[in-house]
Amino acid sequence: MKSRRTLLIRTGLGSAGAASVPGLPEAEPARPPMPLDPPDLPPAPVAEPVPVAEPVAVAETASAAESASVAAPVRTGPVVPPPPAEPPIVPAPPIVPAPPVVPAPSYPETPSTTGTAPAFQPLFVDAPGLNWAGPGDSWSEAWATQTQPRPHALPSVPAPTAAAPGVDPTELPLTAQDIGLIRDSLALVEPVADRATAHFYALLFLQHPEVRPLFPAAMDVQRDRLFRALLAAARGAEDPAALRTRLSELGRGHRRYGTLTGHYAPVGECLVQALARYAGSRWDAATELAWRRAYRLISTIMIEAAEEAARTSPPWWQGEVVRHEQRTRDVAVLTVRPDQAYPFRAGQYCSLETPWWPRVWRHYSFASAPRPDGLLVFHVKAVQAGWVSNALVRRAAPGDVLRLGPAAGGMTVDHSSGADLLCLGGGTGIAPIRALVEEAAEHGASGRSVEVFYGARTAAELYDLDGLRELAGRLPWLTVRPVLSGTGPAEGALTGELPEVVGRFGPWDGREAVLSGPPAMVRRGVGVLLRAGLPAERIRHDLVGELAAG
């Protein structure tokens with residue numbers, strides 16, 4: 001066995017950590033491919049061993065001269081002529097390719113308005129660690145090339161009332177009666193929405209297993225989002241303008257999952273089947289027609305928005321982490337360089353995916369205004385059992401590549417109006433507030449004043465206070481007030497819950513207010529400002545914290 005082990009080591013077939021199994025040939029244990037694995041090399045040819053009296057192991061590090069000085073062993077078998085005096089052939093070490101070089105992108109001064117999409121070339125065309133969807137995926141290409149209707153496409157149903165000959169009743173506009181039927185059925189489904197959601201996905205994956213890769217492995221978060229978003233959209237069908245705005249954003253955002261036009265019909269059919277099961281006796285032909293009309297409206301708006309976005313932007317951007325600052329035990333500031341120009345406004349947010357949790361996206365606000373160098377900044381707090389947040393805070397490092405969805409959110413400010421700003425930022429919710437301050441400075445104050453209330457439980461959690469105070473020292477129109485709600489030293493800070501502290505100041509008449517932070521803080525802050533007389537149309541928030549949980 002010693003000679004066999006020596007032979008295995010010298011030919012590169014042995015493994016120091018491999019356990020041998022009696023009766024089975026030894027082999028290198030299988031492992032999944034990694035992005036930087038060396039290419040598979042054919043095994044070196046193994047010559048038939050010559051019988052010897054005693055096996056001799058030669059150290060791998062011995063030089064040619066040292067090997068020549070070793071006395072030859074006494075052999076009992078036939079005499080074998082010595083090999084020619086040449087330097088021993090040492091197998092070359094495997095070549096490990098260098099990490100791919102991320103090209104430096106060029107950022108145009110203004111986004112292109114010609115309607116011609118720039119050439120989109122991904123940083124990596126084959127990266128198993130990044131669960132790609134979209135261009136290049138075989139199953140996405142299969143869906144894109146399909147020209148025949150899906151067998152489960154939304155079929156027409158008999159209309160309860162007469163329709164013009166040759167007109168599909170599902171293509172007619174929603175009526176007031178349809179909206180009433182949708183609301184009545186929703187009242188029955190919502191108390192059992194968890195079971196209806198599970199049934200919806202069971203139908204979808206059973207009838208269309210090819211769409212399963214669109215979703216993360218763990219469906220606990222995603223399961224509620226899609227189904228409830230569809231229900232919320234149907235509920236808001238009576239407000240076409242607001243519905244179009246919300247659904248257009250959803251349609252653009254769903255491109256990052258690899259969603260294609262052909263996916264919408266199967267989703268709609270499974271939605272109708274799940275609703276029919278859990279609406280009970282209230283489900284009839286008229287209710288089904290109402291839902292099919294609503295879903296056709298929803299899917300049409302989302303498809304049109306996605307196709308329009310596809311003409312000017314990729315489904316996602318790739319961003320290299322170029323800086324990772326640990327501000328507190330649970331808070332990190334990440335600076336990311338996208339692979340091409342990334343359009344956004346201060347106050348908006350985007351969804352991020354890490355290579356460690358494919359298909360799991362979380363929303364994070366931009367912590368800086370658009371910069372000439374194109375770099376993006378995010379503030380991330382690791383939450384308990386949070387997959388993405390913990391990966392970004394504790395595992396991400398310079399050189400890692402993330403994926404970014406398109407910018408979204410309406411917490412932007414019209415700097416031409418000149419209205420004074422009131423900003424409430426709790427915890428990492430200070431990120432978009434800082435971005436708005438930077439954007440206001442770039443546009444010029446023009447007589448505008450900006451008051452920032454920055455809240456946290458302890459002074460240590462006010463991780464960005466020094467930076468904000470440095471801005472306030474340079475910008476005479478900016479006032480920063482730290483607020484602490486917990487116990488401990490509070491030098492120079494106000495004490496109390498952030499919304500109530502803001503309520504003690506004022507008046508806030510004529511101001512525009514933006515709120516960002518934990519959902520409970522935002523909701524309480526909105527209530528305080530409304531009671532203080534600030535109109536609802538002057539209060540902006542996105543509740544990104546609720547979306548970013550995890």
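This is a predicted model: local features need pLDDT of at least 70, side-chain atom pairs count only at pLDDT 80 or more; totals for chains, interfaces and linings use all residues.
**Ground rules.** I number residues from 1 along each chain as its sequence is written, and I use heavy atoms for side-chain values, leaving out hydrogens and water.

**Entry 1: the open sheet.** I took helices (H or I, at least four residues) and strands (E, at least two) as DSSP runs, numbered from the N terminus. I called two strands paired if DSSP finds at least two bridges between them. I looked up an open sheet of six strands and read its order as β10-β9-β8-β7-β11-β12, with parallel pairing. Its edge strands are β10 (494–495) and β12 (539–540), each pairing on one side only. Inside the order, I noted six bridges in the parallel sense between β7 (residues 421–426) and β8 (residues 450–456). In that pair, Leu422 stands opposite Glu451 of β8. Helix α12 (residues 465–474) packs on the sheet and touches β8 and β9 (478–484). The direction of α12 makes about 155° with that of β9; angles run from 0 to 180 degrees between N-to-C directions, and axes are lines fitted to C-alpha atoms, for helices over the stretch in contact.

**Entry 2: Ile433.** Ile433 belongs to helix α11 (residues 430–443). From Ile433 to Leu422 I noted eleven residues in sequence and 9.8 Å in space, C-alpha to C-alpha.

**Entry 3: antiparallel strands.** Strand β2 (residues 331–338) runs antiparallel to β5, joined by six bridges. Leu334 stands opposite Phe378 in β5. Five of the six residues of β5 (residues 376–381) are buried, so I noted β5 as largely enclosed by the rest of the structure. Strand β3 (residues 349–353) is joined to β4 by five bridges, again antiparallel, and Cys350 stands opposite Tyr364 in β4. For β4 (residues 361–365) I noted five of five residues buried. I checked both faces of β4: Trp361, His363 and Ser365 are buried on one side, Arg362 and Tyr364 on the other.

**Entry 4: cores.** A nonpolar core here is a set of buried Ala, Val, Leu, Ile, Met, Phe, Trp, Tyr and Cys residues joined through side-chain atoms within 4.5 Å. The largest has 37 residues, with the most contacts inside it made by Phe200, Leu204, Phe215 and Leu247. Helices α4 (176–189), α5 (193–207), α7 (240–253), α8 (264–278) and α9 (285–310) each supply at least two of its residues. Which helix gives the most to this core? It is α9, with nine residues. Another core, of 29 residues, lies apart and includes Ala346, Met411, Val437 and Val480.

**Entry 5: α4 against α9.** The two axes come within 9 Å and cross at roughly 105°. I therefore put α4 and α9 down as roughly perpendicular (65 to 115 degrees; under 35 is roughly parallel, over 145 roughly antiparallel, the rest oblique). From α4, Asp178, Leu181, Ile182, Ser185 and Leu186 meet Ala286, Thr287, Ala290, Trp291, Arg293 and Ala294 of α9.

Technical notes:
Contact means heavy atoms within 4.5 Å. Buried means under 20% relative accessible area, exposed over 50%, partly exposed in between (1.4 Å probe, protein chains only).
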